[in-house]
Each structure stands twice: as C-alpha cells, then as structure tokens.
Amino acid sequence: MERKGVFAGRTVAVVNDLSADEQWYLYSKARELKEAAMAGRDTGAFRLDERDYQVYLIFMEDSTRTRESFRNAAEFLGARTNIFDAATSSFNKNESMSDTIKMLYGYAEGSTFVIRSRLEGVCRSLEASLSRYAEQTGRPRPSFINAGDGKHEHPTQEFLDEFSFLERLGWKRDHIHLCLTGDLYHGRTVHSKADGLGIFREVELDLVAPELLSMPPHYVERMRDKGFSVREYASLDEYLASGKVAPLWYFTRLQLERMGDAVLERAEGLRQSVTFRRDMLGKLGADTRFYHPLPRDRMNPTNPGFLDELPQNGWDAQSANGYWTRIALLGMVCGLLGGDFEGEPHKETNYVDDFVVEAEVAESRKPEYKVGIKPVEEGIVIDHIASGEAIGTIWNNIEAVRKILGLNVRSSHGVYHSNLGKEVYKGIISLPDVISFGERDLKKLAAVAPGCTLNLVRGHRVARKYRLSMPPRIYGFDEISCKNPACISHPDHKEGVAPEFLRKEGGRGCPATTFVCRYCEKEHGFGEIWDL
Ligand code: NCD
C-alpha cells in the first residue's frame with residue numbers, strides 16, 4: 001500500500017505530537033467509525049488488510065485495557081499483530097531497547113510499535129534512533145505510540161477521554177467544566193490533560209487532591225498558561241461545599257506502585273479525601289457524569305460500586321471508546337487515514353543556534369582588562385560572567401566555566417564591579433595564552449555562562465567581542481545528564497540515549513530560564529543540567 005497523508009510514520013510520544021486540528025481529525029474519524037459500526041454500516045474504509053504491516057505491542061508494565069484495545073484495534077485494521085514478551089526477552093540480558101526494536105523493525109515492510117514502560121521518554125528516544133536507522137537503510141520510518149511511560153504521559157488514554165467528553169457534550173468544543181480527582185501527582189492520565197483539553201475553547205478545571213497527591217506545579221502552570229481557569233481543592237468535601245461543582249468528573253486511583261514509602265504510609269487517609277460517598281450524591285447536578293481511566297482498586301475504589309448502576313456511570317462507555325480511538329490512530333500512523341486531513345498540521349520546532357552575536361567594540365585608548373588581573377596583550381577574556389548575580393553565585397559560575405571548559409591554563413579570574421551600577425558585580429576570566437575558541441567550546445560557554453561576552457584581545461585592545469546568550473538546545477556534551485531517575489536517558493539505565501535539553505519557551509532569561517529534557521520533559525534549572 002502506498003503510505004499517504006500527513007500522519008504516516010509519525011510518532012505519538014505525547015499528546016502534543018498531534019496538533020489540535022489533528023486531534024480533532026482523530027476524534028472525527030473515530031466517531032465516523034463508531035457510528036458506522038454501531039449502525040451495521042460498512043467500515044471497509046478503516047481496514048488496511050495488509051499482513052506486511054505489523055503492529056508490535058511491547059508492554060513492560062501491567063495493562064489490561066490499553067493492551068487489549070490496541071490488540072483488537074490492530075486486528076480490526078488487518079495488520080500483523082505481535083505481542084512482544086518483554087518478561088522473557090533479551091532485555092534481561094541487558095540488551096538495549098534500540099537494538100531490540102531495530103531487529104523487530106526488519107520483520108515487515110511497515111511497523112508501529114506500541115510501548116508501555118516504567119521508563120519515561122522511551123518513544124521519543126526510539127523515534128530518534130530508529131529514524132536514523134531507517135534513513136541509513138532507506139526504509140520507511142516506524143511509528144512509536146506511547147501507551148503510558150512512568151508518570152509522564154498517556155496520550156492514547158487522553159484521546160479516548162477527550163472523545164468520551166466530546167460525545168457527552170454533543171461534539172461541542174466551546175466550553176468544558178471538568179473536575180480531576182484522585183492521585184493527580186503520580187497519575188499520567190491527568191498529566192496528559194494539560195494538553196488534551198486544549199481542543200476546547202474555554203476550560204474550567206477543578207483539581208481535587210490532598211497536597212501529597214496534588215498536581216505537580218509545572219502542569220498547573222502549563223494549564224494556566226493555556227488559559228484554563230484552574231481551581232484547587234484538598235478534598236471532595238471541600239469541593240462539594242464550594243457550590244461550583246463540575247458536570248464532568250474524572251476519578252483516578254491511587255498509584256501505589258509509584259509512591260515512595262513516606263506517601264504509602266499515609267495512603268489510607270489520602271484515599272479517603274478523594275473517595276466518593278453515598279451521602280455526596282445529593283450535592284451533584286442532575287446531569288453529572290463520572291469517568292475513570294480504570295482499573296479501579298477492587299478493595300478501595302475512589303468511585304465505589306454503588307455508583308455502577310446509577311446514571312453517573314460514564315466510565316464503562318468511556319473504556320469501550322479506547323477501541324474506536326485506537327483503530328483511528330493506528331489507521332492514521334500506518335498511512336491508511338489522513339488523505340482528507342485539512343487544518344494546521346503539527347510543526348516540528350526548528351532550533352536555530354543563534355546564541356553568539358558579535359557586539360560592537362567600544363573605542364578606547366586605554367588597554368582593557370588590567371584591574372586586579374594581569375594585563376592581557378594577546379588572548380581571550382571572558383567578561384560579564386553571571387553579571388548582576390549575588391557574589392557567591394558569580395564565584396560558582398566562574399568555577400563552573402573553568403571546570404566544564406577544562407581551563408587548566410595560565411589564567412586569572414575574579415569578581416569585579418560592573419559598570420551597570422554601584423552594587424552590581426560580574427565575573428571575569430582572563431586567558432592570555434588562548435587565541436581562539438572552537439565552536440564546541442563556544443556552545444559550552446554559552447550554555448554554562450549565558451550573558452557573558454567573549455573578547456578577543458590583540459595588542460592590548462579588544463579586537464572583537466561576542467555576546468553569548470542561552471542556547472536553545474544543550475546537547476552533545478559529556479558533562480550533562482537528565483536528573484529524573486525514571487528518564488530513559490538517565491545514566492543508570494545505560495540505554496545509550498544522549499541527553500538533550502530544550503530551552504523552555506517563555507523562559508524569563510538567565511538564571512530563571514528552565515530547560516526540559518527532550519525525552520521525559522522534566523524541567524531542570526539551568527545549573528541542574530551539568531554534572532559538576
Ligand atoms: C491508566 C494507566 O495505566 O495510567 N490505566 C489505563 O491505561 N487505562 C490508569 C491507572 O493505571 O490508574
């Protein structure tokens with residue numbers, strides 16, 4: 001089959017790998033399919049019927065619904081469906097995931113890998129390594145679909161959740177008022193809501209969880225940045241007393257398997273504050289619907305059994321929607337669907353390495369750089385290091401520059417007054433024997449001491465001056481690593497994934513700028529990236 005459409009070979013590691021229009025396309029296709037199937041009409045347009053296209057299910061964490069709905073969706077599509085037995089595989093002989101997938105990729109003309117893992121960012125890293133391999137071998141790129149990675153994201157659960165909300169709201173996208181409750185800290189399905197709810201024009205979101213289970217602040221910030229109006233409550237009692245109760249509720253279970261001992265010990269009390277009781281029923285609006293990604297804990301469900309037969313039960317229908325939305329998604333990435341897509345496609349961010357700018361050299365008769373440090377006749381002076389910061393921070397930054405650039409040469413350094421103000425200080429390192437900096441060192445310097453200037457001194461005068469700002473990407477250095485122990489690129493996992501950090505859009509400049517790991521998306525303060 002000729003693979004067509006904007007979706008062929010795409011990876012869905014996070015919700016945002018599909019633009020809002022592309023997500024809407026997915027919901028429209030899933031709706032079309034579900035309605036046709038329910039009415040007994042022809043669903044042939046959704047069948048690939050190609051045995052040389054494989055869907056490989058690789059589940060390294062427990063799953064029922066996600067795995068089974070993907071398996072059935074792949075069967076419906078008519079692809080060759082394989083279930084990889086991770087527990088007895090060469091992963092136990094320390095084989096890397098990338099090596100394993102390269103082999104499986106060779107078994108068919110086209111491939112989608114559906115992966116669930118405890119490690120975060122797996123699909124993004126495999127997308128990078130297998131795309132390189134596909135290019136080398138001149139074969140089509142495989143797709144990777146994240147079926148849940150640690151406590152990071154669960155995009156396909158998000159798609160079926162949004163599909164279910166839209167169904168309930170009569171496919172209207174102007175407004176949604178939703179309550180998220182349960183374990184908002186560890187639950188990946190609620191984290192994915194920060195992006196998935198973006199298909200609605202107006203979002204009111206009530207977050208109900210005690211502090212230890214509350215939504216991590218960077219997700220709340222992301223929600224507010226997107227214009228969601230977010231309210232937070234510590235328990236269901238507090239929420240119901242507020243009088244502004246949502247018509248749609250999304251329950252989650254406590255993710256005991258991801259909790260540290262300190263939280264586990266208090267799990268019982270925490271659970272009570274997010275468990276629905278019969279006496280709360282009277283405080284709900286008439287049309288309230290409850291959702292849950294499932295499974296619920298059979299001993300201690302947060303949405304207890306007495307609700308099963310009541311009209312509030314929306315979760316059974318919701319879980320069935322996993323089938324329709326996953327058929328549509330597989331159909332898109334294998335290239336069967338997408339020819340009729342119209343709208344704004346997802347855009348890859350282009351990182352422009354524009355962090356080095358030549359600055360004007362001020363005319364001066366006096367030789368520069370002689371106050372307190374040896375005058376420089378020929379060489380390089382790094383100036384304005386951590387300018388304006390506290391003196392201790394400036395010293396730390398000087399030390400970091402020396403260490404990371406390996407400046408074990410004749411040199412001097414110090415903290416000096418800046419001409420920007422009376423109490424303003426900056427760091428200077430003077431390197432009389434260094435004549436030039438290679439591009440790699442320049443990148444390193446920009447990443448370690450953004451805002452500094454690099455002065456090329458010739459005959460006691462500054463011949464050229466370069467201003468270095470924070471680079472948009474920090475990668476390719478041995479001295480950096482992601483500090484999230486669950487990240488696929490964390491050195492402990494020895495998967496050979498090269499760390500890479502992306503400057504967060506909207507960062508407020510050094511040192512407030514944060515960087516996110518390309519794989520697990522954990523935010524790092526700029527100093528945290530470096531292994532010093
Ligand atoms: C969820 C998951 O795995 O994150 N389950 C699912 O995919 N249906 C929620 C959970 O395990 O609590």
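1. Domain bounds here come from an automatic or database domain assignment. The model is predicted.

2. Overall figures next. The protein chain holds 14 helices and 19 strands. Its C-alpha trace spans about 85 × 60 × 45 Å along the principal axes. Buried residues make up 54% of the 532 in the protein chain. Take contacts between residues at least 6 apart in sequence: 75% of them join residues at least 24 apart.

3. Which residues touch the most other members of the largest nonpolar core? They are Leu178, Leu180, Leu205 and Met215, in a core of 69 residues. Helix α12 (residues 315–333) supplies the largest share, seven residues. The core also draws on two domains: at least three residues come from each of domain 1 (15–153 + 323–333) and domain 2 (155–319). A separate core has 62 residues, including Tyr56, Met97, Leu130 and Ile404. As background, nonpolar side chains in soluble globular proteins tend to be buried together.

4. Leu178 deserves a look in the viewer. Set aside neighbours within four places in sequence. Leu178 then contacts Phe165, Lys193, Leu197, Glu204, Leu205, Asp206, Ala246, Leu248, Trp249 and Tyr250. One of these, Leu205, is listed with Leu178 among the residues that touch the most other core members.

5. Now the helix pairs, starting with α5 (residues 155–168) and α12. Their axes come within 8 Å and cross at roughly 115°. The two helices are therefore roughly perpendicular to each other. The crossing is right-handed. On the α5 side the contact uses Thr156, Gln157, Phe159, Leu160, Asp161, Phe163, Ser164 and Glu167. On the α12 side it uses Gln318, Asn321, Gly322, Thr325, Arg326 and Leu329.

6. Helix α2 (residues 65–77) also packs on α12. The axes come within 8 Å, with a crossing of roughly 50°. That angle makes α2 oblique to α12. This crossing is right-handed. From α2 the contact takes in Arg65, Thr66, Ser69, Phe70, Asn72, Ala73, Ala74, Phe76 and Leu77. From α12 come Ser319, Gly322, Tyr323, Arg326, Ile327, Leu330 and Gly331.

7. How do α1 (residues 20–38) and α5 lie, and within what distance do their axes come? The axes come within 10 Å and cross at roughly 65°. That makes α1 roughly perpendicular to α5. The crossing is right-handed. Gln23, Trp24, Leu26, Tyr27, Ala30, Arg31 and Lys34 of α1 meet Glu158, Phe159, Glu162, Phe163, Leu166 and Glu167 of α5.

8. Is Ser273 buried or exposed? Ser273 sits in helix α11 (residues 267–273). Its relative accessible area is 18%, and buried means under 20%, so Ser273 is buried. Beyond neighbours within four places in sequence, Ser273 contacts Pro210, Ala234, Ser235 and Leu236. Ser273 and Ala209 are 64 residues apart in sequence, yet their C-alpha atoms are 7.3 Å apart.

Note on methods. Residues are numbered from 1 along each chain as its sequence is written. This is a predicted model: local features need pLDDT of at least 70, side-chain atom pairs count only at pLDDT 80 or more; totals for chains, interfaces and linings use all residues. Side-chain values use heavy atoms; hydrogens and water are left out. A nonpolar core is a set of buried Ala, Val, Leu, Ile, Met, Phe, Trp, Tyr and Cys residues joined through side-chain atoms within 4.5 Å. Buried means under 20% relative accessible area, exposed over 50%, partly exposed in between (1.4 Å probe, protein chains only). Helices (H or I, at least four residues) and strands (E, at least two) are DSSP runs, numbered from the N terminus. Contact means heavy atoms within 4.5 Å. Axes are lines fitted to C-alpha atoms, for helices over the stretch in contact, and angles run from 0 to 180 degrees between N-to-C directions. Angles under 35 degrees count as roughly parallel, over 145 as roughly antiparallel, 65 to 115 as roughly perpendicular and the rest as oblique. A crossing is left-handed if the near helix is turned anticlockwise from the far one by less than a right angle, and right-handed if clockwise.
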